[in-house]
Amino acid sequence: MFCYQCEQTYRSEAGAGCASTKGMCGKDAATADLQDVLLHLCEGIGQYLHHARGFGATDAEADRFILFAFFTTLTNVNFNAMKFVEMIQAAAQIRDRAKALYETAARAAGAEPRKFAGAAAFVPAPDMRGLLAQAGEAAIKKDVETLGEDLVGLRALVLYGLKGVCAYAHHARVLGQERDAIYAAVEHALDLLASEPKELGPLLDEALALGRANFLAMEALDAANTGTFGTPAPTQVRVTPVKGKAILVSGHDMKDLHAILEATKDKGINVYTHGELLPAHSYPKLKAFSHLVGNYGGAWQDQQKEFAEFPGPIVMTSNCLIEPQARYRGRLFTAGPVGWAGIRHIGDENFAQVVQAALALPGFAEDAPQQTITIGFGRDTVLGVADKVIDAVKTGAIRHFFLVGGCDGAAPGRNYYSDFAHEAPQDTVILTIGCGKYRFNKQEFGTVAGLPRLLDMGQCNDAYSALVVATKLAEAFNVGVNDLPLSLIVSWFEQKAAAVLLTLLALGVRNVRLGPTLPAFLTPALVDVLVEKFGIQPITEAKADIAAALSRAA
Amino acid sequence: MFKVALLTRDGAAIAFDAEPSETLLDAAERAHVYLPSSCREGGCGACRTTRKSGDVTLDSYSSAALSDAERDAGDLLLCRAHARSDVELAAPYDMAAIGFAPIPERRARLVEIAPAGSSALRLVLQYEDDPEQGRAAQFIPGQFMELSPPGAEFKRSYSLANTPNWDGRLEFLVRLQPNGAFSTYLKEKAQPGDALLLRGPQGQFTLDEASPAPRWFVAGGTGLAPVLSMLRQMAEFGDMRPCRLFFGVNRAEEFFAQDSLEELHASLPDFSGTLCVWKPEAAWPGFTGTPAEALARALEETQERPDVYVCGPPALIAATEHVCQTAGVARVYSERFTPA
């Protein structure tokens, strides 16, 4: 195996990347290699779909398969090698269908179909042993000796950014929001990767194109969430347990959460959100369920302890899953793209078994002392008080806005983000998205100019909401987004965050501080490009970075 | 007080302190580390680990649980071992097999008792609702429980044959032993409605989910129980991988669970079973010999090198391990049972 897609990838003096029998995330070598093969086949599918689209022919089912397949390969999503053997065989059939679609469309238009090699012509072995023997053809670093680390790293940036786009687009799709432009962009990127590009320029352009596609994907997801569940509003969320039977729902998928709430209605079962599902409490149609009682635990990396202590079934609807421990693996369920060998999987959105499990497990014996936090400051809420915000900035009551957001993780350097939130002066506002907030969201930050100083805007994909707010404020002040008293302090862990970063770059947002470490696939030369073209900076010390941001603002 | 460092098969490090007067197993439990074990009397071998450094002494134990050769190679039984210096140990199981809370003890009612072939019984027990534990039957296929009849002082270990479930059902296959304490209870006293005390789940004989290889199972007699649990879970989870079963008994009338095996044939996409009779009547049309012999023959016919799981009497385990070693099978997982 070789994988360096996430922030926690193994780093040593010899270089970065997980290349032994098991990655830092717990993904074993066979699964990693099979994921490479699956993505290689998807490149072939995308290549045919891209060229078919040129003749006006499309296959939405194939596009949907690509979204799902890519999603399964994100960090902490699917660890089940057998699932990949199955998906690879399905991918080969879909690729053949895409090929026929392209060739028929080309001939109908009077053109001679092109013959594609590489991924488009790859014939997967029928079983795992054969597939593992083929994995070298699909390996991320296969051409590194001839092409060099820069080109391979930039290909990786495109591939990993594409994973994030696909994941967000999949979330939107399950709630009925699809965008043809996203499918066209995904196919375009796959066509480029399938053609094994050997120039930096087209890859850099593709990375930015994916950033734009990701903006569309986040917009589609925003439309999906608000269209289905209403507009988020400030909401007090209980963060301590309530006596009674209990189900914990983790991941990002609000449709699954809704299905679980429906399935548990009037059954005496309380439902808790975990991790990135916290924002669900702010959506009117979800918080209308009185048995959605609260949020439990912290960010994903604490799950082995928290899940072990939770007295009911746990459903993991998307990333981030880590190795299930013996104490709870029997009551853990995966859903959607998630999987782990030997863990029950729900593939049909029927959560009846989870309800049975909740009734059979003890639940919480007692109420814990009540503690709440406030969430739900989506774009409509913030823009609803835009006049107040604008006045406060003009009078100097609010000096600066910090968007402290992104993923959390176990690395010690992530204390930076809690330090940053605590050190930010009282006349500044902290906006937050993603699960990085768990480092500070149960603490008191007070108010400034009549507004809470900590505004939780939602999930990582609600970066869209933050960008809408920034754009509207920039319009109100008649300046560009980069001229606003706003700094983005981004923590990344996996590929959704990589896609969000590409969106920020594609939209020309500068003043982004990225940490806790820079992606291992970005070579020093690539980092130089990002610094020079986009003003991206690595984090340093919280106090120093705050001072630098405020002095820029001044 | 000495320091004990235990490294698991998957590379996790566990540390605890041990007084010379206590066994390493007790010392670990004092530190809320519950290592796989069963009889705690040096008789079963479930707590065997390998000493990498340091000095230990061992109380008396059965050579069935630890042979001289194994002891010479550094193996020890945690339930019999006392530290005489700081000790480093290597465990043959993953971190997931270690518990960090005491092994639960719960009551369950006997709801079904019926013959399983000519020399075993099938028992179904039902957990009673418990405010702290609920009623779910949570275990990992392959694990066992210690069972005590109502009012009895003794307990006996039996593997679960069904899959984890939310109804609290626990299925066991028990071979009847002449004069065996639990067998005597079953033959003479057991009635549906009896409340038995169960201690578990325990044990690390579970599927190696990290390995993508095909799975072949070797079962002797009621050693089929944990294998049935594993196969049933694979069927329940829609596991597509190829698997084979070599199931042996002494005489054909001892066979049981044929309906369960038929269900597995219907639900697992790539499953085949070989029934083996060691001493058949003349009319037996199937394989004659032990399941280890059937395994050897099947390995000769393929290049495939599967993971092999074996449960049965010690002689069957030894024979299977020998067959696997000869054929170059790298991963063999075993659970031995001894008559009791």
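How many residues does helix H7 of chain B have, and how far does H7(B) reach from its first C-alpha to its last?

1. Helix H7 (residues 314-327) of chain B has 14 residues and reaches 20 Å from its first C-alpha to its last. That is close to the 20 Å expected at 1.5 Å a residue, where the expected span is 1.5 Å times one less than the number of residues. Helices (H or I, at least four residues) and strands (E, at least two) are DSSP runs, numbered from the N terminus.

2. A word on the source: this is a predicted model, where local features need pLDDT of at least 70, side-chain atom pairs count only at pLDDT 80 or more, and totals for chains, interfaces and linings use all residues. Residues are numbered from 1 along each chain as its sequence is written, while chains are lettered from A and ligands numbered from 1 in the order in which they are written.

3. Now look at the sides of H7(B). Its buried residues (20 or more other C-beta atoms, placed from the backbone, within 10 Å of their own; exposed means 12 or fewer, partly exposed in between) are B:Leu316, B:Ile317, B:Ala319, B:Thr320, B:Val323 and B:Cys324. They lie on the same side of H7(B) because they cover an arc of only 165° around the axis, taken from the directions from the helix axis to the C-beta atoms.

4. The face turned away from that buried side carries the exposed residues B:Ala315, B:His322, B:Gln325 and B:Thr326 of H7(B).

5. Just after H7(B), you will find B:Gly328 with a positive phi of about 80°.
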